[in-house]
Amino acid sequence: MSWGTELWDQFDNLEKHTQWGIDVLEKYIKFVKERTEIELSYAKQLRNLSKKYQPKKNSKEEEEYRYTSTRAFLATLNEMNDYAGQHEVISENMTSLITGELTRYVQELKQERKSHFHDGRKAQQHIETCWKQLEASKRRFERDCKEADRAQQYFEKMDADINVTKADVEKARQQAQLRHQMAEDSKAEYSSTLQKFNSEQHDHYYTHIPNIFQKIQEMEERRIVRIGESMKTFAEVDRQVIPIIGKCLDEITKAAESIDHKNDSQLVIEAFKSGFEPPGDIDFEDFTQPMKRTISESSLSNSRGDGKSEPKFGGKSKGKLWPFIKKNKGAGPEDFSNLPPEQRRKKLQQKVDELNKDIQKEMDQRDALTKMKDVYIKNPQMGDAASVDHRLAELGQNIEKLRIEVQKFEGWLAEVEGRLPPRTEQARRQSGLYEAQNTSAVNSCAQDRESPDGSYTEEQSQETEMKVPATDFDDEFDDEEPLPTIGTCKALYTFEGQNEGTISVAEGEMLYVIEEDKGDGWTRIRRNEDEEGYVPTSYVEVYLDKNAKGAMTYI
């Protein structure tokens, strides 16, 4: 099966067919190129999707990733990033192994095809030239034969005419012989040209054209094989990344299987446990008897009345109401006393750990500088040992400051852990201020408490205790205009205010609201003109007056 023998007369059709083959190859290259663009676009979209749902640094989202379910989701996002990378690999390999290679091959194929068909046209032009020469020789032979016949007839006519001179007859005879010789020469030339043309034609159709067509056939077959190999490569490029994509999917499955619902439930407890006990039973209210509101013996009014015998440290200061005074928006107390006991303990422990890490960093730097100083002392040419003294002194001061901070936070932590029961026991009921039932432990640790203005009360606690008249505390409210009422509230549970700035309430008691909860968990209420203070917001049900709320003022 050879194009040279079977398609010897189909030069034009072969030219069209081979051009079509190149067009098919270029179409396949364009297809692969668009596939690579799709892979790149898909990979980019996957990466953007993964990045979009990644937790933002130093945000609340980052804290949520301690749960196993959210960690599994984070692992899924990371694996999707790797998954996207494999699609980029597909694009790169298809570009280099298929698109690039086939583009170069198409250029070579076009050059080869052009060369082969140029040779074919040249062979055709040669055989056409030979044919024209044969036709010219044939027409000349035909013409000379006719001229010879006419010359012979003219000679015979002249020879038969008795009136023609002998000289004219001889002349006619010589002309006839000349024409006859010319015809013979044309015949010989025609015969030679015919033999030459037949030989050229034989070589053309049995040698030259078959050779050229055979090369064109081989070229076309190579093109077909090449496009088939490219299609195999197309599939192989995908197949090569399947194991890695499979690993990505396996890791996603593994992350999903690592989700522990029990552990997540425990984390929720640790995150939101307040340390309070559920409220007790509600007492029966007998409405058949005249209702008489009673005030707890430990209320603020009673403590003021009995407060003359209670020691107070230092002079009169609004700082003594801390942390029950209104907090600056967005800033909580340094000892986290605005948080429930469990949450406060966690925050304090976290702060202690952070400070210890900072101390370790500073100590590592100090050790490194000490070694450097020793090297400078032994080898003065390497540097001046005195140049690091300032930095060493600075590091020592930083370490001392951090240690003081650690002691301060550890004191607060000891205060919290001293008043909280062990984690394995049932938590005892805590007051709204998170005060312990063991007041002696509170008083001993409260000396280390830092006031809102940032000054320590430790020095004040070491001074001679002095009696403060009950009127001192009253003056702090009397010096200011009373806040307007913005609503009412009902006490859901009994609260015994044991610290300054708080007020005791009984379950079911109705009171006036003079200041909303500002985010610190406390609501300021008033019983009458002389009795007002803070109670935990969770202990009361507030009914705000919408009209009054718009006109409320802050102190």
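The chain has 13 helices and seven strands, taken as DSSP runs numbered from the N terminus (helices H or I, at least four residues; strands E, at least two). This is a predicted model, so local features need pLDDT of at least 70 and side-chain atom pairs count only at pLDDT 80 or more, while totals for chains, interfaces and linings use all residues. Residues are numbered from 1 along each chain as its sequence is written, and side-chain values use heavy atoms, with hydrogens and water left out. Of the 555 residues, 33% count as buried; buried is under 20% relative accessible area, exposed over 50%, partly exposed in between (1.4 Å probe, protein chains only).

**Confidence**

- Mean pLDDT is 78, on the predictor's per-residue confidence scale from 0 to 100.
- A pLDDT of 70 or more is reached by 78% of the residues.
- Residues 291–329 stay under 50, and the model gives them 83 contacts beyond four places in sequence; a contact means heavy atoms within 4.5 Å.
- Residues 420–479 are also below 50, with 118 contacts in the model beyond near neighbours in sequence.
- Where pLDDT is low, the predicted coordinates should not be read in detail.

**Overall fold and surface**

- Take the contacts between residues at least 6 apart in sequence: 75% of them join residues at least 24 apart.
- The chain exposes about 35,000 Å², with carbon and sulfur atoms supplying 51% of that area.
- Areas come from the Shrake-Rupley method with a 1.4 Å probe; for residues, only the protein chains shown count as cover.

**Nonpolar cores**

- The largest nonpolar core holds 31 residues; such a core is a set of buried Ala, Val, Leu, Ile, Met, Phe, Trp, Tyr and Cys residues joined through side-chain atoms within 4.5 Å.
- Leu25, Tyr28, Met94, Ile98, Phe213 and Ile216 touch the most other members of the largest core.
- Helices α2 (11–52), α4 (68–160) and α5 (166–257) each supply at least two residues of this core.
- Helix α4 gives the most, with eleven residues.
- A second, separate core has 14 residues, including Ala491, Phe495, Val513 and Tyr534.

- Leu25 sits in helix α2 and is buried, at 0% relative accessible area.
- Leaving out residues up to four places away in sequence, Leu25 touches Leu102, Tyr105, Val106, Leu109, Arg223 and Ile227.
- The C-alpha atoms of Leu25 and Ile227 are 6.9 Å apart, although 202 residues separate the two along the chain.
- Met94 is in contact with Val32, Arg35, Thr36, Thr99, Phe234, Val237 and Asp238, its neighbours within four places in sequence set aside.

**Cysteines**

- The disulfide count is zero, where a disulfide is a pair of cysteine sulfur atoms within 2.5 Å.
- Cys130 is buried, with a relative accessible area of 7%.
- Cys248 is buried too, at 5%.

- Lys408 lies in helix α9 (residues 389–419) and counts as buried at 7% relative accessibility.
- A polar contact of 2.9 Å joins the side chains of Lys408 and Glu405.
- A polar contact is a pair of N or O atoms within 3.5 Å; within protein, one must be able to donate a hydrogen and the other to accept it, and residues adjacent in sequence count only if both atoms are side-chain atoms.
- Glu257 is in helix α5 and counts as exposed, at 63% relative accessibility.
- The C-alpha atoms of Glu257 and Ser69 are separated by 9.6 Å, with the two residues 188 apart along the chain.
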